[in-house]
Amino acid sequence: MEYLLGIDLGTTNCTVTAVDEYGNLRVIPNSEGNRITPSAVYFEKEENHYLVGQKAKDRAASDPEHRLVTLVKREMGKSREQIRYNRLKRRPEPYIFWGREFSPAEVSSKILAQLKKDAERELGQPVSKAIITCPAYFGQNEKEATRKAGEYANLDVISILPEPTAAALAYVNGMKSQKPVERIFVFDLGGGTFDVTILEVANGDKKNIEAKRCDGDSRLGGADWDETIVNYMVNRFYSVNKVNLLYEEGEARDAAYGRLTLDAERLKKELSAPGAKTASMTMSYGGATLTEEFTVEKYAEITSRLNEQCRLYCVNLLEDAGLGWGDVDRILMVGSMSNCLFLQRMLREWSGKDTNFGIVDPKTCVSTGAAIMAHLLCHPDGAKSQADNQNQTDAAQDVEGGIFLGGDEGSVDAGFDSERLGVGVLPASIRLSAFDRNGNPLAYRMLEKNRPYPCEFKQKFPVKSPNQTTVNVTVLEGEDDNPDYCRAIGTSKLPLDGAHDRNDLVEVSFSVDTNGILQVYAVDLKSGRRIDVEMERDDGFNETAESVKKAAEDAAVFDVFLG
């Protein structure tokens, strides 16, 4: 039996769903029997020993040394100078363990390797092929780093799938609708990132999903709600006890911050429970204690700035698409923060619509959607028997009159049009660093924001000087014609044979594949020769083929220490 994996590589938590060749879906529990694995890695002092998941968080609670890595997803694709940048100390805080520096992709690969091992234990056989999800707004370097993380974990990455598309697939799977076209607004607020996406579902003889618009924030998630409450408690503690924890140092201070963070997360969960009205939180440091009472309304007020950020992203996305809330047929709330009752209430107030919370499992729908996509890509002609297809059709539910609880343990609907699934759109315009006729720097737009991928754009450029041997193609992301206001992705150095005259033409192609990852190649129009090169990513972690192979070999021999 061949199994494929759908992996939701979340900022704070991960899930894995397996699908067999007949399309049967199965959410994978971890070694502790839980379907949710925290995105945490604890690097033990002994080389090649590390913990992943809840064991990593538990180990960190008993060990004062700062060897726990969380929220690594927020650092994906960043340069060395940006990783965990400490604004107070004005310097980055790189991942340095066992005498060497790890890239965010390498840290993420430890999580993926554990998820892969859990799946193989549960399924009783090796599994290598997987689709890994990422936020819809992830740029080129973030997506490439996600792909590398899978490669380091010895996974054959079929595709990098936007999380909202995966959630929509889980919703559409096994669902029948009376509407020929359904417009879906996905509100995906996780532990560390935020996505808003508009998709359209065509419900004809074959179901088709197409992404239309996306936006989001890589630094907005449940961790920010927790941090806001922590800061509130620190300020209240200072007002009462005249001690500012922000400027304290030492293990006692670090331990106090750690307890505060855990208590802030607990408070959020307690106030999100059905019928909850109040909850308390206590802070202790230096012999002093402060207890604060919170109501649901007080909590929402303290975090109102974050709530407003979410609302503005929704409004801006709809305006950019030329739509209003009245044009939306269904709202899907997914991500760990969608459990918060005050956010559900706010989204209903903003939109005037039902938020449809619970229509899919907010914690596992993304990995389930990824597994569905993996099956559709690897079995485009369908692999289920006629009887299986009939069983699936009979099990399909009509959501017009009520709630459809998307099944994680069901099977892939045979009614998808696997050739026309529009999985994502470009979250930002892709540009080329150039000069205008007056010699001024210019960010020349090659592919516009929100263009569906895969896609390609070609442009002819003249050779700058006789006998030129190299053409440097510097790629940017952004919406401004000024390169200073765009983000550098990387540079491709296209080799020429040195036999060109000035103004001879080279045709440069920007090609975005089904993963949303950019490839640059060129055709020397004088010789007709195609020029293929690897882009040197502007993240400081440009590995060679040999170093990538070495990282994968190292991952294979690392011990996941469970003691």
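This is a predicted model: local features need pLDDT of at least 70, side-chain atom pairs count only at pLDDT 80 or more; totals for chains, interfaces and linings use all residues.
Local features were required to have pLDDT of at least 70 and side-chain atom pairs pLDDT 80 or more, whereas totals for chains, interfaces and linings use all residues. Residues are numbered from 1 along each chain as its sequence is written, and side-chain values use heavy atoms, with hydrogens and water left out.

Helices (H or I, at least four residues) and strands (E, at least two) are DSSP runs numbered from the N terminus. In helix H9 (residues 341-351), the buried residues (under 20% relative accessible area; 1.4 Å probe, protein chains only) are Phe342, Leu343, Gln344, Met346, Leu347 and Ser351. The elements covering them, by contact (heavy atoms within 4.5 Å), include strand E13 (181-189), helix H5 (222-241), helix H7 (296-302), helix H8 (304-320) and strand E18 (330-334). Gly352, which follows H9, has a positive phi near 75 degrees.

Pairing of two strands requires at least two DSSP bridges between them. An open, antiparallel sheet of five strands has the order E22-E21-E25-E26-E30. Its edge strands, E22 (441-447) and E30 (536-537), each pair on one side only. Six bridges join E21 (residues 430-435) to E22 in the antiparallel sense, and Leu432 stands opposite Tyr444 in E22.

A second open sheet, also with antiparallel pairing, comprises four strands in the order E24-E27-E28-E29. Strands E24 (455-462) and E29 (529-532) stand at the edges with a single partner strand each, so one side of each lacks a neighbour in the sheet. Strands E27 (residues 505-512) and E28 (residues 518-524) run antiparallel and are joined by seven bridges; Ser509 stands opposite Tyr521 in E28.

Notes:
Buried means under 20% relative accessible area, exposed over 50%, partly exposed in between (1.4 Å probe, protein chains only).
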